[in-house]
Amino acid sequence: MLESIETRGIVLYNREFREDDKLVKIFTEKSGKRMFFVNHAGKSRLNSMLQPLVTADMLLKINDDGLSYIDDFQDVQVYKKINADLFALSYATYVLALADASIHDNQVDPALFAFLEKTLLLMEEGLDYEVLTNIFEIQILSRFGVILNLHECCFCHRVGLPFDYSFRYSGVLCPDHYDRDERRAHWHPNVLYLLDQFQAVRFSELETISLQAEMKAALRQAIDQLYEEYVGIHLKAKKFIDSLSDWGAIMKDSSGGET
Ligand SMILES: [Zn+2]
């Protein structure tokens, strides 16, 4: 049975189907992730709006037993600035893939929807996409069933100290308790301070966050290790970002040589 709904939705991806049809995966606010069938997509006025990231108020026909259908898109956000910047676009694509991987089809998660849309809007506004991605990665860990104690020492529960991370205890150790794990991560205390902030950050505070390249690299490495240990997914979009950072370093070197 088809149920008509109005909901905000974000296009995750599309793929060609048969001759001129398309299958489009959309993350909807009210009905979770669903696959939509677009008949004769090439002739459809919606065709240009079926691209990844496109966010809109959608009129949809939801089918619980199979493919759903799109009636209309309104109030469409296409993220022009993100799409014009290869780096921003790569990070936005990764955030989208991460959201996609973190929930099952048809699972309703309006909080994740709101968080994803806000993250994309802030990237579009020009806020630091690397930091926004890190915050997204840390806050979405709970969707993968991962709860880390980044706030207080696992042993004495004190807060606000120069912590290190322990994979053995899935949490932080204060200097008095570093010795409880001889294989502690040896991360910079500022990395753990920031990860703790990222777990609870409010969007209103984001505009003030500005980080040095070195600290960003340390964060990237720490979060990669957390994902490797606790999540274990390997997204194509993430591999692309990793290759971009090598390429970005080459670009910087060559531009530095000219000045
Ligand atoms: Zn302690």
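His186 lies in the loop between strand S7 (171–173) and H5. In this predicted model, the phi of His186 is near 60°, a positive value in a residue other than glycine. Most residues other than glycine have a negative phi. His186 is exposed, with 8 other C-beta atoms within 10 Å; the cut-off for exposed is 12 or fewer.

Arg18 also has a positive phi, of about 50°, although Arg18 is not a glycine. Its place in the chain is the loop between S1 and strand S2 (21–28). Arg18 is exposed because 9 other C-beta atoms lie within 10 Å, and a residue with 12 or fewer counts as exposed.

The protein contains seven helices and seven strands. Along the sequence, the elements follow the pattern β-β-β-β-β-α-α-α-α-β-β-α-α-α. The C-alpha trace spans about 65 × 50 × 35 Å along its principal axes. The protein has 259 residues, and 28% of them count as buried. Among contacts with a separation of 6 or more, 54% are made by residues 24 or more positions apart.

The chain is divided into domain 1 (1–77) and domain 2 (85–258). Taken over C-alpha atoms, the centres of domain 1 and domain 2 are separated by 30 Å. Twelve residues from domain 1 and 16 residues from domain 2 take part in the contact. On the side of domain 1 that touches domain 2, strand S1 (2–17) and strand S3 (32–38) each supply at least two residues. The element that gives the most to this side of domain 1 is S3, with three residues. By class, the residues on the side of domain 1 that touches domain 2 are five nonpolar, three polar and four charged.

Leaving aside residues up to four places away in sequence, Met123 touches Ile82, Ala88, Tyr91, Ala92, Tyr129 and Leu132.

The last topic is a pair of helices. The axes of helix H4 (residues 129–139) and helix H5 (residues 189–200) come within 8 Å and cross at roughly 75°. Angles of 65 to 115 degrees count as roughly perpendicular, which makes H4 roughly perpendicular to H5. From H4, the residues in this contact are Asn134, Ile135, Ile138 and Gln139, and they meet Leu195, Phe198 and Gln199 in H5. The contact of H4 with H5 has four nonpolar and three polar residues, and no charged residues.

Definitions and conventions. Residues numbered from 1 in each chain as written. Predicted model: local features only at pLDDT ≥ 70, side-chain atom pairs only at ≥ 80, totals over all residues. Axes fitted to C-alpha atoms, helices over the stretch in contact; angles between N-to-C directions. Helix = DSSP H or I, 4+ residues; strand = E, 2+ residues; numbered from the N terminus. Parallel < 35°, antiparallel > 145°, perpendicular 65-115°, else oblique. Contact = placed C-beta atoms within 7 Å. Nonpolar A, V, L, I, M, F, W, Y, C, P; charged D, E, K, R; others polar. Domains from an automatic or database assignment. Buried ≥ 20, exposed ≤ 12 C-beta atoms within 10 Å, placed from the backbone.
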